[in-house]
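Here is a short briefing on one protein chain. Please keep the sequence and the model in view while reading.

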Amino acid sequence: MASTSQTASDDRGTGDHPDTATEAFLAHRNLLFTVAYEMLGSAADAEDVLQESWLRWVEVDLDTVRDQRAYLVRITTRQALGRLRTLRRRRESYVGSWLPEPLLTAPDVAEDVELAESVSMAMLLVLETLAPTERAVFVLREVFDLEYDEIAEAVDKSQAAVRQIAHRARAHVAERRPRGVVSAAETRDALEAFQRAVETGDLQNLVDILAPDVVLLGDGGGVKQAVLRPIRGADKVARVLTAGVGRIAGLAELRPAQVNGHPALILRLDGEIDTVVALHVADGLITGLYAVRNPEKLSHLEREAPLRR
């Protein structure tokens, strides 16, 4: 399927309306992708949502549109909501833990602290626990700061209902939000210590950088070997990691990267991306490790994703 940017470009020069529609869509495309990704946790599905949104956008009479950005967000949100409900049913039969699709992100994403937190692996997993409409309302209000009337139009609810949903969603997220807010430097320090411990196979140093209640989640999608259930506790997680890395010692290349707005590690075998390890840090210790191995989720790591608010 052609990308929306390619499709939009192909429609240039076919008349005044297509040119105007194309320019408006391309101007807001990165924002729309970010909205869809935060609702779905999947770049591939976010791209499909943008394609569907583009097809609906070009049918709109632009003379009736007061705010093109708000209108495009509304279209994208509605398409994403429909797809999210379908994905929820599929994920019920997913093999092992389901993790969001990791994205290679530019430095400016990390500089926007609120955006970086909202697309972190840890936060996207919290958003997975919301009902679809709750997730849409939370994302549009808390991340993109849309007004309640705009959100009401996007999710087809009254403003009063949207305010209630937003309050409920905020409370739900607050209960589950990963603890601790740390600087990028602290996270990098923890990542470097973690990488050294893994590469040297030093079990004690690895245990020392892990929080006592650390959780390891793995996503192989039933295609690649991965832990099927969460592994909890520093000793258990350290032993699983050293055993796994030990099997490929000398064959793997482990490099730091910015993934979903935070420092992470990308493991390559024979030059191909095999695993992405994202992490969450609190009080200088790693509290969460998210290892994505499902090949279908690794295709967006060769180029930076255009995340914007």
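Residues 24 or more positions apart supply 67% of the contacts in the protein chain with a separation of 6 or more. This is a predicted model.

**Overall build**
- The protein chain contains 13 helices and six strands.
- Its radius of gyration is 20 Å, close to the 19 Å that the globule rule gives for 309 residues, so the chain is as compact as a globular protein of that length.
- Along the principal axes, the C-alpha atoms of the protein chain fill a box of roughly 65 × 45 × 35 Å.

**Burial, surface and charge**
- Of the 309 residues in the protein chain, 49% count as buried.
- The protein chain has an accessible surface of about 14700 Å². Carbon and sulfur atoms hold 48% of that surface.
- Charged side chains number 37 positive and 48 negative. The centres of these two sets lie 6 Å apart.

**Strand β1 and its partners**
- Strand β1 covers residues 210–219. Eight of its 10 residues are buried, so β1 is largely enclosed by the rest of the structure.
- β1 and β6 run parallel, joined by six bridges.
- β1 and strand β2 (residues 231–232) run antiparallel, joined by two bridges.
- Which residues pair with Leu-216? In β6, Leu-216 stands opposite Leu-289. In β2, the bridge partner of Leu-216 is Ile-231.

**Two residues with positive phi**
- Most residues other than glycine have a negative phi.
- Asp-156 has a positive phi, near 60°. Asp-156 sits in the loop between α9 (148–155) and α10 (159–176).
- Is Asp-156 buried or exposed? Its relative accessibility is 63%, and exposed means over 50%, so Asp-156 counts as exposed.
- Asp-283 also has a positive phi, near 55°. Asp-283 lies in the loop between β5 (272–282) and β6 (285–292).
- With a relative accessible area of 70%, Asp-283 is exposed.

**Where to look in the model**
- For the loops, find Asp-156 between α9 and α10, then Asp-283 between β5 and β6.

Key. Residues numbered from 1 in each chain as written. Predicted model: local features only at pLDDT ≥ 70, side-chain atom pairs only at ≥ 80, totals over all residues. Heavy atoms only, no water. Helix = DSSP H or I, 4+ residues; strand = E, 2+ residues; numbered from the N terminus. Rg over C-alpha atoms; globule rule 2.2 N^0.38 Å. Buried < 20%, exposed > 50% of the residue type's maximum accessible area, 1.4 Å probe, protein only. Contact = heavy atoms within 4.5 Å. Areas by Shrake-Rupley, 256 points an atom, 1.4 Å probe, with all protein chains shown as cover. Lys, Arg positive; Asp, Glu negative; His and termini not counted. Charge placed at Lys NZ, Arg CZ, Asp CG, Glu CD. Pairing = 2+ DSSP bridges.
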